[in-house]
Structures are given as C-alpha cells and as structure tokens.
Amino acid sequence: MGMRLQDFMDVKKLQKLQDTFSSATGFAVIIIDMQGRYVTKGSNFTEFCMTYTRGSKEGLRRCTKCDKEGKGIYECHAGLMEFSCDIVVKGEKLGAIIGGQVFTQQPDEDKFVELAKEFGIEPKKYIDALRKVPICKESQIKAAAQLLEEVINQTVNLEYIQSTDTSHMGNFNQEIGKTTETVREINQKTKELEKIAFRQNILALNASIEAARAGEAGVGFAVVAKQMGELSKKSEVIYQEITHAAEQIQSSIQKMNR
C-alpha cells in the first residue's frame, strides 16, 4: 500500500482550507483518496446533489464514477459543471480535490424531471432543489480550481516535508545514541588494553632483569624481553591515540545534540 494523505497530513487543516474556499466562492468541495473514499467532509454541497442525486442508489453510483474519472473542468452525469485537481507529493498522486456543483447556464428542467424518474426521486422536490444550484461562468470555475489546487498542494507538500524531517531527526537521534554507546565501549575496552600493555611492560622489565642476572645464558631471553617491551610501548601509544579519537567523536556528538 502506498503513501496516504492521512499518514502525515492533519485532515482538520484540509477541512478548514476547504470550508474557507467554499464560503468565499460558493462552490462545493470535497477531497478524496486514491480509492475514491472521502478524506474530508463535503463543504457547501447542494441539496440537489447530496440529498437527492447522491441520496439515490443509482445517482450515487454515477456520482462515485464521476469522482474517480473526472479530470480538469468537466460536466458530471447530472449536467453540473465540476472540477478535479490532483494532490501530488514527490510525483505520486495521493488523491484529488473535487469541486464545483454549479451550472454555466440555465438548466433544462424537463431533462431533470426525466432524471428524477430514473433515480426514483419525486420530480417536484428535485426541481425545487435544482433551482437553488448556483450559475456562474466557466472562467470563474477554472480560476477558482487553479487557486484551490495550488493552495492545497502547497499545504500538503509542506506538511509532508515537516513530517519526514521529524522522522529523519528521530532516526538521527537514534543513530547518535548508538554511536555514543559504541564510543563508550571503545573507551572501556581501550582502558582494559592499556592495563594489559602496562602489565606487559612490567613483565618485559622483569624479564630484562632476570636475563641480566643469567649472564650469557640469558642473552637470547634478553632480546625477546626487549622486543616485548618495545611492543608494549607501541601498543600503549596506539591505545592512547584510540582514546583521543574516541574523545573527539564524543565531543562532536555532544555539539550536535546542543
């Protein structure tokens, strides 16, 4: 299953934008997901559409089909002008803004009487509701649709960026925690190795003393003791360098957490 609007978007923000737009323009608006399910509640939906057309089984079937298939500015099955704008995040379509529910000219009432019969609706009630549907120019519909598309898409994409940044910060903090623990372990193990190197140094020194006491018989042993002592000193230097590097990493981590 792909990304969903609800995964990162506060639906209340979408609802508020939608309601404000509808109040300012008089257009009906609703947002749907990729399955055609409603993400928001319909704003300014007409009685003609919601109570009667969508209220009938056949009318709802045709409306749902229009919601899924409608592109740009189009005439719905009932003869109203509507618009559909894609909601896109990172090139992926997550849903659509459906709006309009207006006429661009005076509707033919006889046609809607016949449509009422098809839907099983009382013709008089259907015509009374029809007469309340706004009439406006197609240019107004286009301008309003473009405005709403830009506002909704900017808002959705901003919310997506903010949510992914938060997610990335969570992962970043988690990795910082792991790194801090690793540095702590390095410090602990390095200290143990430093202690071993110190003991090796003592052993090498004792071996040198015993070799000197043994005279010629201890010459070979003295060479080994000397090499052991040099090796332990080199190890000690390396362990100190590791400790210093670990301290620098720790310091950098602390600065990033400020």
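Residues 24 or more positions apart account for 62% of the contacts in the protein that have a separation of 6 or more, a contact being heavy atoms within 4.5 Å. The model is predicted, so local features need pLDDT of at least 70 and side-chain atom pairs count only at pLDDT 80 or more, while totals for chains, interfaces and linings use all residues. Residues are numbered from 1 along each chain as its sequence is written, and side-chain values use heavy atoms, with hydrogens and water left out.

**Overall make-up**

The protein has seven helices and four strands; helices (H or I, at least four residues) and strands (E, at least two) are DSSP runs, numbered from the N terminus. From the N terminus on, the order of elements is α-β-α-α-β-β-β-α-α-α-α. Of the 258 residues in the protein, 36% are buried. Buried means under 20% relative accessible area, exposed over 50%, and partly exposed in between, with a 1.4 Å probe and protein chains only. The protein exposes about 15800 Å², and carbon and sulfur atoms supply 54% of this area. Accessible areas come from the Shrake-Rupley method with a 1.4 Å probe; for residues, only the protein chains shown count as cover.

**Strands**

Strand S4 (92-102) has nine of its 11 residues buried, so it is largely enclosed by the rest of the structure. Two strands pair if DSSP finds at least two bridges between them. S4 pairs with S1 in the antiparallel sense over six bridges, and Val-29 has Gly-99 in S4 as its bridge partner. Strand S3 (residues 81-89) is joined to S4 by nine bridges, and these two strands also run antiparallel. Asp-86 has Ala-96 in S4 as its bridge partner. S3 and S4 form a hairpin with two residues between them, and Lys-90 in the turn has a positive phi of about 55 degrees.

Helix H3 (residues 57-69) has 13 residues, which at 1.5 Å a residue should span 18 Å; its end C-alpha atoms are 19 Å apart, which agrees. The expected span is 1.5 Å times one less than the number of residues in the helix. Gly-59, Cys-63, Cys-66 and Asp-67 are buried in H3. Seen down the axis of H3, the buried residues fall within an arc of 100 degrees, so they line one face of the helix; the arc is that of the directions from the helix axis to the C-beta atoms. An α-helix has 3.6 residues a turn, so residues three or four places apart point the same way. The face of H3 turned away from the buried side carries the exposed residues Lys-57, Lys-68 and Glu-69. The cover over the buried residues of H3 includes S1, helix H2 (47-53), strand S2 (72-75), S4 and helix H4 (109-119).

In helix H5 (residues 123-130), the residues Tyr-126, Ile-127, Ala-129 and Leu-130 are buried. Down the axis of H5, its buried residues fall within an arc of 160 degrees, so they too line one face of their helix. Their cover includes H2 and H4.

Asp-33 lies in strand S1 (residues 28-33) and is buried, with a relative accessible area of 11%. Leaving aside neighbours within four places in sequence, Asp-33 is in contact with Val-39, Leu-94 and Gly-95.

Ser-43 is in the loop between S1 and H2 and is buried, at a relative accessible area of 4%. Beyond four places in sequence, its contacts are Gln-15, Gln-18, Asp-19, Ser-22, Phe-27, Ala-28 and Val-29.

Arg-54 is in the loop between H2 and H3 and counts as buried at 10% relative accessibility. Not counting residues up to four places away in sequence, Arg-54 touches Tyr-38, Phe-45, Cys-49, Gly-59, Leu-60, Cys-63 and Asp-67. Among these, Gly-59, Cys-63 and Asp-67 are buried residues of H3. Arg-54 and Phe-119 are 65 residues apart in sequence and 9.5 Å apart in space, C-alpha to C-alpha.

The polar contacts of these residues are tabulated below. A polar contact is a pair of N or O atoms within 3.5 Å; within protein, one must be able to donate a hydrogen and the other to accept it, and residues adjacent in sequence count only if both atoms are side-chain atoms.

| Side chain | Partner | Distance |
|---|---|---|
| Ser-43 | Gln-18, side chain | 2.7 Å |
| Ser-43 | Asp-19, side chain | 2.4 Å |
| Arg-54 | Tyr-38, side chain | 2.7 Å |
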